[in-house]
Every structure is written in C-alpha cells, then in structure tokens.
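This report sets out the fold of a single model, from its sheet and core to selected loop residues. Please keep the sequence and the coordinates in view while reading.

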Amino acid sequence: MNELSMLIKPASSLCNLRCKYCFYADVSENRDIASNGVMTEDTLDCLVQRISEELKDGGTANISFQGGEPTVAGLSFFQKFAEMLDVYPQITVNWSMQTNGTLLDEEFAQFLHDRKFLLGVSLDGYQSMHDKNRYDAQKRGAFYRVLKGIDLLKKYKVDFNILTVVTHDLSRHPKALFDFYKKHHFDYIQLIPCLPELNGDDRGLALLPQDYASFYKTFFDCWKKDMEKGGQMSVSLFENLAGMIQGIPPYQCGYIGKCVTQFVIESNGDVYPCDFYCLDENCLGNLKEYSFSQMKESQRAKDFIASGNCKKDPCNNCQFIPVCNGGCRRQNVCWLTDDQCAYQEVLNYILPQLSYILQR
C-alpha cells in the first residue's frame, strides 16, 4: 500500500511561548523570512490536492503537526483540513501533533479525540526545571498550563506521550525526572537531547557528551528497576534499541545514521528534507509548483542525502556501528566528538541488559 508521511508547520515558527532552547526559532532566524504566518486556505487547498495526487490509488497519509506551536493556527484550521481529506475515502489518515498543550480547550480536546490524534506534549519534568526554560513572553512559567492541557487530554481520552528536552541542567537529575513521571503516571516518554544553535553556541543549555552517558545510564537503571517491579513505562530510546536487537528497524528518524528525505512543510507551502534543516539553501520547492514525487527526486534532495554521513574517528572499528552508523548528524553533537562517543558508553551499558530482559 502507498504511504506518504509529512510534518506540517501550520503556524510556521509562531509560538505563544519563548522557550530558551527552541531549535526552530534558531532555524527560522537563519532564513530570509523567519515566519510565514498561519497557513492560508489557498495553501491548504494545494496541500490536500498534492496528497490526493500522491495517493490517487489509495493509501495512508501520516500527517504530523509541529511548530513553532501548531495550535496557534486555531482549531478551525485543523477541522477544515480533516474535512477536506474526508472527501477522499481511499486515503487513510493517521493524525499526530507535537504541542506545548497550553492552548487546548474542551472543544479542541473533543476534536482530537474524534479524529484519533496522537499528541506529543512538551513537558520538561517538574516545575522548577520546566519553568526555567519554558515560559511565555512575560517570562511566566508554563508548567501548570501544560498540566491543565494534559488533564483535558485525559478527560477526552486522547492518546499522548510526554516529550522532554534533556538540557545540561536536567541531565544531572535523572532520578528526579523519572520519579516525576511515575508520580504523574506518565507512561510514554520521549527524551530529546537539547541541541546547540546552528552556529555551535551551546548557550549553557545543550546536552554535552560528558552529560549524555551519566544521564542515560542512571535513567535506564531507574527504568529497569521499575520494570522489574511490574512498571510499564515506555521510553522511546529503549524501545528503539530493543527492536533493533531483534532485527526490527527503529521507528524514529535519527537512530539509523543516515538521512532520508522527509517532507517538512512550512505554512507557505515550502518543503524541506529535514526538520533540523529548514533553511533556504535546503528548500526542495513549493507545493504550488512541484509534487511530492518531484521534490523527492530533485537534485537538492539527493545532495542533502549524500551529505548526511555523520561518522567521526570514534566510529572507526566501533562494535556498535551496525546499530547507529554514527547517529543523526544534527543530534550527535550531543554525544559524539572527534575523540569520544558517549553513545558508545551508553550502548555498552544498556544493550546487554536489554538483551537479557528480552530473553526472559
């Protein structure tokens, strides 16, 4: 069956928060036009037309939304999008969204339930750590507004997971973070390394190689101990590694050590090959001029893929190269240098224990 996946930024880089480490704010500030505003109905019409052309014989559209903050586009945008795709019964749609959760209300939550959305809610653990880096334009922390949004998702039975950006500071408190998840019964977790800016400035926030190994090893110990007591917390890194041990390809981009062409769609219809590199020089074209197939086969897409080798000296003769191939070229700065690989240390610690768990 045909399958088409895309990541849409319906509000471009617009956001109601001003998180210190926002990677997309950094990316957008390195473009000629930082924000394209909210997607117009004309661009949305074009997007739906391109999806229907690509899946004219039927198939699945995996549609994810991100920002900025996608909910800034307003509920009516998402309602309109869903209704437009209803016209094509041969297309199965899987909906998902990454959000800070602060703009959700009862009507929005009901819609998310009805359309079977999967949400990733950004929450950096307990209040003092979350509010240190995630706040609005008035410097007001967003912690309790996020929890209120999560309560709405629970009320309307919307599936969600927690997305936590692991900063330099947070990496020193893995047990406190794990305990916070357990206290709030958060069972689906994705840990995301905090990246330095594109110019290399870590701002004192980025996860450093010396932080990486100690954090993940301790967090894994907490997770394993909890599992032995009957816990059911799903952590994306551990799940991907467990699958790879069994010969199952990872379900998340960044674990395979090579780039593939994604379709990251800005609100004006511009398309990019990767969320981390939505820069002018990487634009594959605009939906109003080119189809998805044409952009995937473009020279710019091929050049981007060809430049994706991310191995460094520690990768030479590393026993884990078949597992990671150097990792994601944008994220591996958090664990891989010319002299050391903290991910190697993590894998050496985790993989034997995961193998034992899987064999039981």
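## Conventions

Helices (H or I, at least four residues) and strands (E, at least two) are DSSP runs, numbered from the N terminus. Gly125, for example, lies in the loop between strand 4 and helix 5 (127-133). The model is predicted: local features need pLDDT of at least 70, side-chain atom pairs count only at pLDDT 80 or more, and totals for chains, interfaces and linings use all residues. Residues are numbered from 1 along each chain as its sequence is written, and side-chain values use heavy atoms, with hydrogens and water left out.

An open sheet is formed by 10 strands in the order 7-6-5-4-3-2-1-8-9-10, with mixed pairing; two strands pair if DSSP finds at least two bridges between them. Strand 7 (234-235) and strand 10 (285-286) stand at the edges, and each has a single partner strand, so one side of each lacks a neighbour in the sheet.

Strand 5 (residues 159-166) is joined to strand 6 (residues 188-193) by 5 bridges, and the two run parallel. Strand 4 also pairs with strand 5 in the parallel sense, over 5 bridges. Leu163 is the bridge partner in strand 5 of Ser122, and Leu163 also stands opposite Gln190 in strand 6. Further along, Val166 has Pro193 of strand 6 as its bridge partner. Strand 5 is mostly covered, with 7 of its 8 residues buried (buried means under 20% relative accessible area, exposed over 50%, and partly exposed in between, with a 1.4 Å probe and protein chains only).

## Helices against the sheet and the nonpolar core

Helix 2 lies across strand 1, strand 2, strand 3 and strand 8 (264-265), and runs at about 160° to strand 1. Here axes are lines fitted to C-alpha atoms, for helices over the stretch in contact, and angles run from 0 to 180 degrees between N-to-C directions. In helix 3 (residues 75-85), the buried residues are Leu75, Phe77, Phe78, Phe81, Ala82, Met84 and Leu85. Their cover includes strand 1 (2-8), helix 2 (41-54), strand 2 (59-65), strand 3 (91-99) and helix 4 (106-114).

In soluble globular proteins, nonpolar side chains tend to be buried together. A nonpolar core is a set of buried Ala, Val, Leu, Ile, Met, Phe, Trp, Tyr and Cys residues joined through side-chain atoms within 4.5 Å. The largest such core has 105 residues, and Leu47, Ile51 and Phe81 have the most contacts inside it. Which residues does Ile51 contact, leaving aside its neighbours within four places in sequence? They are Leu4, Met6, Ala61, Ile63, Phe81, Leu85, Ile91 and Phe292, where contact means heavy atoms within 4.5 Å. A second, separate core of 8 residues includes Tyr24, Tyr272, Cys278 and Leu279.

## The cavity

A cavity is a set of points, on a 1 Å grid over the protein atoms alone, where a 1.4 Å probe fits but cannot get out; lining residues have an atom within 4 Å of a point. Grid points are joined across faces, edges and corners, and a volume is the space filled by probe spheres set on the points. By this rule there is 1 cavity of 30 Å³ or more.

The largest cavity has a volume of about 60 Å³. Its lining comprises 13 residues, of which Cys315, Cys318, Cys324, Gly326 and Cys341 lie nearest its centre. Helix 12 (321-324) and helix 13 (342-359) are the elements that give two or more residues to the lining, and helix 13 gives the most, with 3 residues.

## Loop residues

Gly125 is buried, with a relative accessible area of 0%. Apart from its neighbours within four places in sequence, Gly125 is in contact with His130, Phe143, Thr164, Leu177 and Phe180. Gly125 and Asp179 are 54 residues apart in sequence, and their C-alpha atoms are 9.4 Å apart in space.

Lys116 is found in the loop between helix 4 and strand 4 (118-122) and is exposed, with a relative accessible area of 70%. Asn317 is placed in the loop between helix 11 and helix 12, and is exposed at 82%. The peptide bond from Gly67 to Gly68 is cis, with omega near 10°; Gly68 is in the loop between strand 2 and helix 3.

Terms used: 1 Å grid on protein atoms, 1.4 Å probe; cavity = no way out; pocket = protein on both sides within 12 Å on 5 of 7 lines; lining within 4 Å.
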